[in-house]
Amino acid sequence: MPERRTDPALTVVLAGVAAALHVGKLPPALPVLREALALSLVQAGFLLSLVQLAGMGLGLAVGLAGEGLGLKRCMAAGLVLLSAASLAGGFAQDAPVLLTLRALEGFGFLLAVTPGPSLIRRVAAAGELDAKLGLWGAYMPLGTAIALLAGPWLLPRLGWSGWWWLLAAPSLAMALWLWLALPADTRSAAPGAGAWSSRLRRTLAAPGPWLLGASFAMYAGQWLAVVGFLPTVFAQAQVGALLAGALTALVAAVNIGGNIAAGRLLRAGAAPRSLLLTGFAAMALGAMLAFLPVLDAGPVARTGGVLLFSLVGGLVPATLFALCVRLAPGSDTVATTVGWMQQCSAVGQFALPPLVGWVARLAGGWQWTWALTGLCCAAGAVLAWRMTAARR
């Protein structure tokens, strides 16, 4: 019998999932941490978004260096760093140390996910690129959903330290798998400062990377804010921790369907702009159904609104990753463009959760969340409309 090989593009996606577990491990513990550490909603929002701190300042630099340092090496190093920071975090005795290690996890996450689209572009079979990039767009909701579902079950048994130590294992295992399963990085002369500055200049001079980055920030910031605070919203509504974890995991998991659908629709010839407009419109409508008081039809309708927000909103990230390959100013700037997207996304994910928490504190509830997400969706729609004109 012929030896069966794991699809290398799927290996890259699973590596991204292992990295995303570290983003999703915090929300299930957030209600407990708020009580234990007397955190305000604003502080909780910053704790939720701190993992994005490295991406805010280093996304472009990591993307720029990725091709020269080796995409596989960069991703494997990020996974190892995530594991080390998570292991060390389990020994933390106070909040400042844990927060510092959380920021270090953010740097590992950045190293692990920035090379993903470029690696998939390198190893995907002919005609499969859009579909594989659709799968890549699902790495974040899948990893987040697994952590959200498992956390409420395992935290009472393991404690938060054991939870941190446990999640160090998948990222370390995927680093090894990635190293063994993917072809070696192309050996080439290290690029000089002139080559790096040329790629940087061409990336930032082109309109495509700016439109992609801003769109990704509008999407990712609001998605993390809504999904990240859901366990807290459910806890305040007297929903049990296990049920709240399961519902939040479901909201995160359905996002995978939108990502996969986007990949298939793009392969079938769907217009990227139409997919982006549909995704942002559904996110705006879903947030209104979930949070606008005048539309309050009970918990079932609210849950349905958040499910709509996440499911159809999943069209957005997969479409943006596919457009990244098309809108990068050259084949040698794809990783740099992805790095810029990650940097812009990190700004959105760092800023939106504390802002949503601040507004909720001022309003005494979550009833104005829809207005913030609606503004993000309106901006995303404008950017999507401009994106077609920027295509090469």
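A polar contact is a pair of N or O atoms within 3.5 Å. I wrote that down before anything else, as I needed it for one of the entries below. I also noted that the model is predicted.

**Entry: threonine 369**

I looked up threonine 369 and found it in helix 18, which covers residues 369-390. Its side chain reaches the backbone oxygen of tryptophan 366 at 3.0 Å. Is threonine 369 buried or exposed? Its relative accessible area is 5%, and buried means under 20%, so threonine 369 is buried. I then listed its contacts, leaving aside neighbours within four places in sequence. Threonine 369 is in contact with Val226, Phe291 and Val356.

**Entry: asparagine 255**

Next I turned to asparagine 255, which I located in helix 13, residues 241-267. Asparagine 255 counts as buried because its relative accessibility is 0%. Which residues does asparagine 255 touch, not counting those up to four places away in sequence? I found Pro141, Tyr219, Trp223, Ser310, Leu311, Gly313 and Gly314.

**Entry: helix 7**

I checked helix 7, residues 116-123, for cover. Helix 7 is mostly covered, as 6 of its 8 residues are buried. I noted the buried ones by name: Gly116, Pro117, Ser118, Leu119, Ile120 and Val123.

**Entry: a patch on the surface**

I then went to the surface. Which residues form a nonpolar patch there? They are Leu87, Phe91 and Trp165, and together they have about 310 Å² of accessible area. I took leucine 87 from this patch for a further look. Leucine 87 is found in helix 5, residues 71-89. The relative accessible area of leucine 87 is 39%. Buried is under 20% and exposed is over 50%, so leucine 87 falls in between and is partly exposed.

**Entry: the whole chain**

Last, I looked up the totals. How many helices and strands are there in the chain? I recorded 18 helices and 0 strands. The chain has 392 residues, and buried residues make up 56% of them. For contacts, I considered pairs of residues at least 6 apart in sequence. Of these contacts, 85% join residues at least 24 apart.

Technical notes
Residues numbered from 1 in each chain as written. Predicted model: local features only at pLDDT ≥ 70, side-chain atom pairs only at ≥ 80, totals over all residues. Heavy atoms only, no water. Buried < 20%, exposed > 50% of the residue type's maximum accessible area, 1.4 Å probe, protein only. Helix = DSSP H or I, 4+ residues; strand = E, 2+ residues; numbered from the N terminus. Contact = heavy atoms within 4.5 Å. Polar contact = N/O pair within 3.5 Å; in protein donor to acceptor, adjacent residues only side chain to side chain. Patch = residues over 30% accessible without salt bridge, like charges linked within 9 Å, V, L, I, M, F, W, Y side chains within 5 Å. Areas by Shrake-Rupley, 256 points an atom, 1.4 Å probe, with all protein chains shown as cover. Salt bridge = Lys/Arg side-chain N within 4 Å of Asp/Glu carboxyl O.
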